[in-house]
Amino acid sequence: MAFVYILKLANDQYYVGSTYNLPHRIREHNNGQDFFTRRFLPVELKYFEEYETYMRPSARQREWKVMI
């Protein structure tokens, strides 16, 4: 499964991402392993959607729609 997720950062901004392994990716964010979010720890998962794949209609397309 693919996921699109929204994180709330410590500076009250939001980050939108996508992944195949949501728990692992959230741990990476909170461990400072993501270039953008490591400056704004801790992060909090606010929302996610689940998709079968990254292919069309895809989690990646949804990620970009949420960002815009």
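Guide: Let's settle a term before we start: a polar contact is a pair of N or O atoms within 3.5 Å; within protein, one must be able to donate a hydrogen and the other to accept it, and residues adjacent in sequence count only if both atoms are side-chain atoms. This is a predicted model, so local features need pLDDT of at least 70 and side-chain atom pairs pLDDT 80 or more, while totals for chains, interfaces and linings use all residues. Numbering starts from 1 along each chain as its sequence is written, and side-chain values use heavy atoms, leaving out hydrogens and water.

The part I'd zoom in on is helix α1, residues 22-30 (helices are DSSP runs of H or I, at least four residues, and strands runs of E, at least two, numbered from the N terminus). Where α1 starts, Asn21 puts a side-chain oxygen within 3.2 Å of the backbone nitrogen of His24. Just past the other end of α1, Gly32 has a positive phi of about 80 degrees.

What does α1 sit on? It packs on the sheet and touches β1, β2 and β3 (contact means heavy atoms within 4.5 Å). That sheet is open, with 3 strands in the order β2-β1-β3 and antiparallel pairing (two strands pair if DSSP finds at least two bridges between them). Its edge strands, each pairing on one side only, are β2 (14-19) and β3 (44-51). From one strand to the next, the twist averages 20 degrees. The direction of α1 makes about 30 degrees with that of β1 (axes are lines fitted to C-alpha atoms, for helices over the stretch in contact, with angles from 0 to 180 degrees between N-to-C directions). As for β1 (residues 2-8), its antiparallel pairing with β3 runs over 7 bridges.

Now look at the side of α1 that is tucked away. Leu22, Arg25, Ile26 and His29 are its buried residues (buried is under 20% relative accessible area, exposed over 50%, partly exposed in between, with a 1.4 Å probe and protein chains only). Down the axis of α1 they fall within an arc of 100 degrees, so they line one face of the helix (the arc is that of the directions from the helix axis to the C-beta atoms). In general, an α-helix has 3.6 residues a turn, so residues three or four places apart point the same way. Those buried residues of α1 pack against β1, β2 and β3.

Take His29 in that group. It counts as buried because its relative accessibility is 0%. Beyond its neighbours within four places in sequence, His29 contacts Tyr5, Leu7, Tyr15, Asp34, Thr37, Leu41 and Val43. With Thr37, the link is a side-chain polar contact of 2.8 Å. Leu41 is 12 residues away from His29 in sequence, yet their C-alpha atoms are 8.1 Å apart.

Arg25 brings in charge. Its salt bridge with Asp34 has its closest N and O atoms 2.7 Å apart (a salt bridge is a side-chain nitrogen of Lys or Arg within 4 Å of a carboxyl oxygen of Asp or Glu). Both Arg25 and Asp34 are buried. Glu28 joins in too: Arg25, Glu28 and Asp34 form a network of salt bridges. The whole structure has 4 salt bridges, and one of the others links Lys8 with Asp12, the closest N and O atoms being 3.6 Å apart. There, Lys8 is partly exposed at 23% relative accessibility, whereas Asp12 is exposed at 53%.
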